[in-house]
Amino acid sequence: MSHPFLPAVIALVQRAGQATLPHWRNDVAVIQKADASPVTAADLAAHEILAAGLLALAPEIPVLSEEDADIAFGERADWQRWWLVDPLDGTKEFISGSEEFTVNVALIERGEVVFGVVGIPANGRCYYGGRGLGAQRMERDGAAEDIAVRIAPAEAFTVVASKRHSSPAQERLLEGLSERFGDLQLASVGSSLKFCLLAEGNADCYPRLAPTSQWDTAAAQGVLEGAGGEVLDLKGEALTYEARESFLNPSFLCLPQAAEWRAELIQLARALD
């Protein structure tokens, strides 16, 4: 795997993750943002490290972070290459004391993810990858191994489901998958780890028919694409990241690119759109 920025970004994600840990499982103050989502001192500590580090790494590449997203669309519209950052994804998991929170950085070029890095501060693990670059999982001690999606289900078709978010449309999609594959196995995990579960071959599909923002998905999409997966909207087209007024993503499906059942899943999803 080779990209000139990748080693430095992995190191930054690890540093930012370490900065969250003094606040984890401690009595951390929670602030409600304008959209009613929570933010903590850990989010802000990670943001400061990532924003400063990315600027030092490549001063010509702008940074869009969840914690500094008040940038006019007129300015962002001209961006061809930019960093998309979620300093702490899974803030609610973090506040609850769960280990399922992540630090996320993606490099975007012309609306596509070049590569993404997803760090798990609680255990020191890090996932990274990009289309054409492959994908790897690295442990705290630096040992890394290649990861890849699984093309065929194991004993049961495993669907990744959000711990906190579902919708009537998602329930209908699960019903359709159950009719096709029989009893489904549901894997519930927080934050961008849902993508990583697919990327390392431990699940088959992750449908998300509830709101997400661009910074929630971009880094983990890079990992999944590097592992042989893809992220599609409900029309079957790739999820992209062109600068736009709203940061919200459309509903999407994560799956192995070479899955035999790909067309069937897209057909099920189109019926919901």
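**View 1. Leu 64 stands opposite Leu 84 in β4 of this predicted model.** Strand β4 covers residues 81–89 and pairs with β3 in the parallel sense. Their pairing extends over 3 bridges.

**View 2. An open sheet is built from 7 strands with mixed pairing.** The strands follow the order β3-β4-β5-β6-β7-β8-β9. At the edges are β3 (63–65) and β9 (144–146), each of which pairs on one side only. On average, neighbouring strands of this sheet are turned by 15° against each other, direction ignored. Strands of a sheet pair through backbone hydrogen bonds, in either a parallel or an antiparallel manner.

**View 3. Two helices, α2 and α7, lie across strands of the seven-stranded sheet.** Helix α2 (residues 41–57) lies across β3, β4 and β5 (102–109). The helix α2 runs at about 160° to β4. Helix α7 (residues 214–226) lies across β4, β5, β6 (112–120), β7 (125–130) and β8 (134–138). Its direction is at about 100° to β6.

**View 4. Val 231 stands opposite Cys 254 in β14.** Strand β14 (residues 252–256) and β13 pair in the antiparallel sense, over 5 bridges. Both strands belong to an open sheet of 3 strands in the order β12-β14-β13, where the pairing is antiparallel. Its edge strands are β12 (206–208) and β13 (229–233), and each pairs on one side only. Neighbouring strands in this sheet are turned by 15° against each other on average, direction ignored.

**View 5. Helix α7 packs on the sheet of 3 strands.** Here α7 touches β13 and β14. The direction of α7 makes about 130° with that of β13.

Technical notes
Residues numbered from 1 in each chain as written. Predicted model: local features only at pLDDT ≥ 70, side-chain atom pairs only at ≥ 80, totals over all residues. Heavy atoms only, no water. Pairing = 2+ DSSP bridges. Helix = DSSP H or I, 4+ residues; strand = E, 2+ residues; numbered from the N terminus. Axes fitted to C-alpha atoms, helices over the stretch in contact; angles between N-to-C directions. Contact = heavy atoms within 4.5 Å.
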